[in-house]
Amino acid sequence: MTTLPDDPVKMAAALLEHCRAAGLTIATAESCTGGLIAATLTEVPGSSDVVDRGFVTYSDAAKTAMLGVDADLIAGEGAVSAQVAEAMAVGVLDRSPVDLAVSVTGVAGPGGGTAQKPVGLVHLCAVRRGAQGQPAELAPVELRLGDIGRGAVRLEAVRKALELLDILI
């Protein structure tokens, strides 16, 4: 892993170069960021040789239908949880031919937070496909950003997602 710049688009450009050099492809699964990770990656010209697809699974039903996240897991742990973020990332690998996947789920605010899951709580998980096609490496992360504003929460989630993907290269 090399150090990425702070600017998200520059981070994405560096990540894409690292992926090209390693021959790796990426897909995303996004809830609270609503496709912003994929949009940041595809802001970079030529990204189509690395970025395969993005799943925007904002609702619980979408997480289940599109990524195979167990509805009982969502009901038990909540959509904003480490377990659901991991299931989302693994679901991407199950549904696309990529090498790397990243997922994000969280409470961007300004509403929707609780005492247990406050505004600014974000769970991410990056996963790398192993030699047998199964997840080989997982990089789960919890961010507790606080009520810093919806846009700032989403931007920090994008930055962290790009960092996690780069860690797995």
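**Cores, sheet and salt bridges in a predicted model**

Student: Leaving aside its neighbours within four places in sequence, with which residues is L41 in contact?

Tutor: The structure above is a predicted model, and the contacts described here are computed from it. Once the neighbours within four places in sequence are set aside, the contacts of L41 are A12, L15, L16, I26, T28, S47, V51 and L162.

Student: Which residues have the most contacts inside the largest nonpolar core?

Tutor: In soluble globular proteins, nonpolar side chains tend to be buried together. The largest nonpolar core of this model has 30 residues. Within that core, the residues with the most contacts are I26, L41 and V122.

Student: Where does the largest share of this core come from?

Tutor: At least two residues of the core are supplied by each of α1 (8-22), α2 (36-42), β3, β4, β5 and α6. The largest share amounts to seven residues, and the element that provides it is α6.

Student: How many residues does the second, separate core have?

Tutor: This second core is separate, and F55, A85, V92 and V127 are included in it. Its number of residues is 17.

Student: Is A38 buried or exposed?

Tutor: A38 belongs to helix α2, and, leaving aside neighbours within four places in sequence, A38 is in contact with T28 and E30. The C-alpha atoms of A38 and L162 are separated by 10 Å, although these residues lie 124 residues apart along the chain. The relative accessible area of A38 is 16%, and the cut-off for burial is under 20%, so A38 is classed as buried.

Student: Which residue in the turn of the β4 and β5 hairpin has a positive phi?

Tutor: Strand β4 (residues 121-129) pairs with β5 in the antiparallel sense over nine bridges; along this pairing C125 stands opposite P140, and H123 has E142 as its bridge partner. The two strands form a hairpin with five residues between them. In the turn, the residue with a positive phi, of about 90°, is G133.

Student: How far apart are the axes of α3 and α5?

Tutor: Two packed helices are described by the angle between their axes and the distance between the axes. Helix α3 (residues 60-67) packs with α5 at an angle of about 35°, and the distance between their axes is 9 Å.

Student: How do the residues of the contact of α3 with α5 divide into nonpolar, polar and charged?

Tutor: From α3 the contact draws on K63, M66 and L67, while α5 contributes V84, A87, M88, G91, V92 and R95. These residues divide into six nonpolar, one polar and two charged.

Student: How many salt bridges does the count come to?

Tutor: A salt bridge is counted when a side-chain nitrogen of Lys or Arg lies within 4 Å of a carboxyl oxygen of Asp or Glu. R53 and D52 meet in this way at 2.4 Å, and E17, R20 and D49 are linked in a network of salt bridges. The count comes to six.

Student: In the salt bridge of E142 with R144, how far apart are the closest N and O atoms?

Tutor: E142 is partly exposed, with a relative accessible area of 42%, whereas R144, at 55% relative accessibility, counts as exposed. Their closest N and O atoms are apart by 2.8 Å.

Student: In which helix do E156 and R159 both lie?

Tutor: The side chains of E156 and R159 meet in a salt bridge of 2.6 Å, N to O. Both residues are partly exposed, E156 with a relative accessible area of 29% and R159 with 22%. They are three residues apart, about one turn of the helix, and the helix is α6.

Notes:
Residues numbered from 1 in each chain as written. Predicted model: local features only at pLDDT ≥ 70, side-chain atom pairs only at ≥ 80, totals over all residues. Heavy atoms only, no water. Buried < 20%, exposed > 50% of the residue type's maximum accessible area, 1.4 Å probe, protein only. Helix = DSSP H or I, 4+ residues; strand = E, 2+ residues; numbered from the N terminus. Pairing = 2+ DSSP bridges. Axes fitted to C-alpha atoms, helices over the stretch in contact; angles between N-to-C directions. Contact = heavy atoms within 4.5 Å. Nonpolar A, V, L, I, M, F, W, Y, C, P; charged D, E, K, R; others polar. Core = buried A, V, L, I, M, F, W, Y, C linked by side-chain atoms within 4.5 Å.
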